[in-house]
Structures are given as structure tokens and as C-alpha cells.
2 protein chains.
Amino acid sequence: MYQPTATEENYLKTIYHLSNTGIKSVNTSSIATSMETTAASVTDMLRKLSDKEWINYEKYKGVKITRKGEKVALGIIRKHRLWEVFLTNILDFEWDEVHHMAEELEHVSSEELIKRLDTFLGHPKFDPHGDPIPDQTGKMESHDKFNLSAGEAGEKYIITGVTDHSTLFLKHLRKYGLLPGVTVSIAEIMDYDKSMLVKVNKDKFHLSLEVSKNILIKKYVSSK
Amino acid sequence: MYQPTATEENYLKTIYHLSNTGIKSVNTSSIATSMETTAASVTDMLRKLSDKEWINYEKYKGVKITRKGEKVALGIIRKHRLWEVFLTNILDFEWDEVHHMAEELEHVSSEELIKRLDTFLGHPKFDPHGDPIPDQTGKMESHDKFNLSAGEAGEKYIITGVTDHSTLFLKHLRKYGLLPGVTVSIAEIMDYDKSMLVKVNKDKFHLSLEVSKNILIKKYVSSK
DNA sequence: TACTATTTTTAGATTTGTCTAAATTTAATA
DNA sequence: TATTAAATTTAGACAAATCTAAAAATAGTA
């Protein structure tokens, strides 16, 4: 059993995300784009990851993550999301400020540290962006999320997360108070551009399709 | 102004410690011993650190840390010690368990993070081992510590720190409840081997010179 | 199917930090 | 002071992660 380097951990995390959230097959160039590196660098790394049995890789045939690799990826994702909870809930950072710090903290190796951090935080199930936190065995909740852009006029929803994690987008949402847990009702959907008029608490405002496509929601149910 | 790598930070930290606590001049081999590496590697690194003006270095003449280098070193020491406080006070680790984790956490770059951690912890002045925590400008407390081995029979002292930070030693002290802040009175000092009989709370036990030499104390003053 | 266009891989370099072994410099001692 | 001993530096090599440019394989299309 090998100990992954921080770089290997980052590759596995990216491959895991592309496998699960992306539509296209996980190929060299999609990894290169995600990681802001070159295809040549990715090819080099894929051979290493394959040697260590974290992925199945055949030249020109793309990549499939193995059980072992998934376990590594989920471990990193767990650390990342727990540190994000720590940074927002304990150190009072805003949800759009924590990503970069968590990217560094996730590579701190101690398993015992993360176990105690989890306990200290009260075993949170979701991070500040609404993404589920895997437990020690890799299991996590997954309520059937869908996009706000698929919501219907007159209906009430609860925000559960986002699909765009960029600082720019998160800051934009923060300005409107559009955070996970918040209730939104769709007042009207414009035929012309699919933009929508939404109500949050007493406020009413306009959201472009660009924005609503990147907000995840679930149906509002009054009794919990 | 350069951004130091984690490795450069570790070298500067070691050079700072050797400059301030060690007796001998800071030469290549003492750095190599401290860092468990070879003299050749140290020489390579000294040239890099010198290029970046963190040390003054002349071939064969040893090393002197510059103001700039000292600032970097104190920044790392500040982070290390604040994380140690976090790990013991918040996550309930024992004082002999935190060093390795803090060595990783100290390289997390965000200054804002450490500033907020400091606030969250209540601006502690000392870490769990009794070592002073530098503030943002690099200043720190330094009460005139001396070794328990220099204490006198019949006198009462307060433990303020240790000079040996090894897990083995810290675990040993923990067994006896010999932690910073604890009051110790010396009942008797043996002429033969300079070992001492000490009283801590209701317990009485024997400490070898080897042990007492590595415990730092200050005089006990009843009113605060 | 044949020919582009795209994607992917290889070849060869570079940077950081490390090593061993050899050469050089400084220190110690007869 | 001459010579041995110890410390230090250089030379050359290696592993990890990266890059550019060129070659090879796959996909798309006339």
C-alpha cells in the first residue's frame, strides 16, 4: 500500500469528481483542463496512478478510478469539507473564502486529527456549500438534488448546494442571501430568456438562467 | 520578496533555533544533524537561502540569519505553536502527540487563517510545552527560565517548559503530571548523582539529573 | 475509405530537493 | 611547520512533477 503524495491526491480527487459529476468520459484533456496543466503532464501522472492501482488506465482509452483510488479520493474530500466547516463555523470565514485554505489543509495527513475535528464539529453531514461530507468509510448522504432552473413557477424550494464553486459565483449568491438551507419561491419564469423572479424572505429579485442553473434545490416540505 | 517553500521554511526554523538556543556556532553539520540530512544537501540549501537574503553565508564560514530570515522563522514558529494550542486545548490531544501534526499545519500559508485562529484561541502567550508564541510582529514573552537541575532543596518552583521536546521525554513527564504551570518543591538533592526528590501536589518522587536538566522552571511567587 | 483534424503519448529538458563519492578547505596535532 | 583529521563543498546523479515540441493514434468527414 502506497502513501499518495499531495499531487497524487489532487489528481485522484479531480478524477473522482469528473467520474461522478461530469457527463463526458474521463479523458486526458478533461483532467488537464480541470487541473490547469498540460495533457503531457497528465499522461505522465496517469501511468504513476495506474502503477499504484488507484486507476485503471490504458493508453488512448481513458481512465476509470478503482475502489482503492476512490477510497483515497473520498478521504481527501472528507478532509476538505470538514476543514471548510471549521473555517466557516468556527473561524467565521465566508463560504466563498474557504476553498483555497481547505485545499492546503486537506493534505495534512493525520487521520486521528480529522476524526477529532469531525467530533468537535458535531459530525456535520454537509459542508458550507451544501456538499455532503463522507464518513470514515466513504459513505455520505445524497438527497435528490436538482437545478433551480428546472423549478416551477409558484413552487417553494430549499437551496441545498451549488454546481459552480467559483469565488465569483459564491460571492454573487452571498449578496442575495442565497445560501444552503434558505427557502426560495419562484414567483415567475420569463418565457423569453428563462430568467426567473424569486422570493427569499421578504426580498424579491431576478435570477438569470446562468445563475439558476448553478443552484441546487430540493422540494420544500413544511413539517421538517 | 520571495515566498519560501515548505523546505526553506524548515531550514530557516532550524537555523533560527540553533542560533538562539544552541551554544555552538551554526555550521553546516549542526544543521545537517538537526534536520536528519547530509552536509551536502545543507550546503546546497544554504546557497539558495543566501541568494534570497534570508541568511548571510560565506563558504566554510558558517551561517548567520538575517532580519528577513528571522521574520520568516518567527512566522513559522508562531503558526506551529498556535496549532499546538489548538490541538491540545480544542481537540484534546496530549502534549506529546501534537508536534508532528503541527509540523504539517505550520506550512499552511494563509496569514488571515492564523490571525483568526489566534483570536479563537484567545491570544495564548505560550504553547502546551511552555514555549512563548510570537505575535504578528515577531515579539514574544520570555520570562527568565532556568533548569530545575539548578534549583535548591527546600524551594518551590513553577514548571514553565522543557528543553527536550522528544515524545519519549514528554510522555515520561506526563506520567508524573509534570506539565507547564504545575508547582514543584524540591525536598532533597542527592549529593552522589544530583538526582532529586520532588513533591508535586501530594505525590513525591525521584527525578534523575537527566530529567531535571530538561525541565525549565521559574521561582514560585505566592500572590499571582 | 482516405484524408484531415484532434487527442494523446513520447522524447527531451527543467526545477526542487535530495543523495554518494571525490575534492577542497580548515582545524588539530605531532 | 608539516601532516593527518575533520568539516565542507563540488561534481554528478536521481526522483517527482512539470513543460514544449514532435510523433503516433484515434475520431470525424468528404
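Contact means heavy atoms within 4.5 Å. This is a predicted model: local features need pLDDT of at least 70, side-chain atom pairs count only at pLDDT 80 or more, and totals for chains, interfaces and linings use all residues. Residues are numbered from 1 along each chain as its sequence is written, and side-chain values use heavy atoms, without hydrogens and water.

**Exercise 1.** Describe the interface of chain B and chain A.

Solution.
- Step 1. Chain B brings 19 residues to the contact, and chain A brings 19 residues.
- Step 2. About 1600 Å² is buried between the chains, 73% of it from carbon and sulfur atoms. Buried area is the accessible area (1.4 Å probe) that two parts lose on being put together, summed over both.
- Step 3. B:Leu91, B:Glu104 and B:Arg116 supply 32% of the area chain B buries here, more than any other three residues.
- Step 4. Helix 6 of chain B gives the most to this side, with 5 residues. Helices (H or I, at least four residues) and strands (E, at least two) are DSSP runs, numbered from the N terminus.

**Exercise 2.** Which strands stand at the edges of the sheet in chain B?

Solution.
- Step 1. Write the order: 3-8-4-5-6-7, an open sheet of 6 strands with antiparallel pairing. Two strands pair if DSSP finds at least two bridges between them.
- Step 2. Strand 3 (146-147) and strand 7 (203-207) each have a single partner strand, so one side of each lacks a neighbour in the sheet.
- Step 3. Check strand 7 of chain B: its antiparallel pairing with strand 6 (residues 196-200) runs over 5 bridges. B:Leu197 stands opposite B:His206 in strand 7.

Notes. Chains are lettered from A and ligands numbered from 1 in the order in which they are written.
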